[in-house]
Amino acid sequence: MAKAKDNPNYKVIAENRRARYDYAIEDDLECGIILTGSEVKSLRTTSANIAESYAAVEEGELWLVNSYIAPYERAMFGHEERRRRKLLVSRKELSRLWNETQRKGMTLVPLVLYFNHKGIAKMKIGIAKGKKIHDKRDTEAKRDWGRQKQRLLRHGE
């Protein structure tokens, strides 16, 4: 990903930072997304939110549910802000995602919505398992200890 960030076309539109706190991400996958013209124009101005959204495999297709893309004011034909959007993956990946979500507690969580180096809108979704409260506390404790170690190393030298 470091090379992609150097590219002028690469641009993060929306990021679900809360997902890594609430879920244990086991695997992630890049997929395409079907958008209308006004949605793409709106995304170029970075007005989107994927924090409350989720992905689901329904009737042999992968859908992004409850994501928000702000309306584009100058569009002749607007779009619904919270409509279901189809995500594009291969059949093999779709069957793998379906099998993963059928296991107990697994869900598909959108992580990042971005324009790739070619300027095409992509979404990274994670296959995740929900964390319990004690797991969240453990994660916070590890993060705090890591920060404290860095401070000690900096001041100790």
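Modeller: A residue is called buried when its relative accessible area is under 20%, exposed when that area is over 50%, and partly exposed in between. The model is a predicted one. In helix 3, residues 37-44, the buried residues are S38, E39, S42 and L43.

Biologist: What makes the buried residues of helix 3 line one face of the helix?

Modeller: Seen down the axis of helix 3, the buried residues fall within an arc of 140 degrees, so they line one face. In general, an α-helix has 3.6 residues a turn, so residues three or four places apart point the same way.

Biologist: Which strands do the buried residues of helix 3 pack against?

Modeller: They pack against strand 1 (11-15), strand 3 (48-49), strand 6 (68-69), strand 7 (85-88) and strand 8 (106-115). After helix 3 comes T46, with a positive phi near 55 degrees.

Biologist: Why is E39 called buried?

Modeller: The relative accessible area of E39 is 0%. The cut-off for buried is under 20%, so E39 is buried.

Biologist: How do you know that E39 forms a salt bridge with R83?

Modeller: The criterion asks for a side-chain nitrogen of Lys or Arg within 4 Å of a carboxyl oxygen of Asp or Glu. For E39 and R83 the closest N and O atoms are 2.9 Å apart, so the pair qualifies as a salt bridge. E39 lies in helix 3 and R83 in the loop between strand 6 and strand 7, so the pair ties together parts that are 44 residues apart in sequence.

Biologist: What parts does the salt bridge of E39 and R85 tie together?

Modeller: The side chains of E39 and R85 meet at 2.9 Å, N to O. E39 belongs to helix 3 and R85 to strand 7, so this pair ties together parts that are 46 residues apart in sequence. Both E39 and R85 are buried.

Biologist: Why is the pair of R96 and D27 called a salt bridge?

Modeller: The N to O distance between their side chains is 3.0 Å; the limit is 4 Å, so the term applies. R96 lies in helix 4 (residues 91-102) and D27 in strand 2 (residues 23-33), so the pair ties together parts that are 69 residues apart in sequence.

Biologist: Are R96 and D27 buried, exposed or partly exposed?

Modeller: R96 has a relative accessible area of 27%, and D27 has one of 31%.

Biologist: How many salt bridges does the rule give?

Modeller: The count comes to 11 salt bridges.

Conventions. Residues are numbered from 1 along each chain as its sequence is written. This is a predicted model: local features need pLDDT of at least 70, side-chain atom pairs count only at pLDDT 80 or more; totals for chains, interfaces and linings use all residues. Side-chain values use heavy atoms; hydrogens and water are left out. Buried means under 20% relative accessible area, exposed over 50%, partly exposed in between (1.4 Å probe, protein chains only). Helices (H or I, at least four residues) and strands (E, at least two) are DSSP runs, numbered from the N terminus. The arc is that of the directions from the helix axis to the C-beta atoms. Contact means heavy atoms within 4.5 Å.
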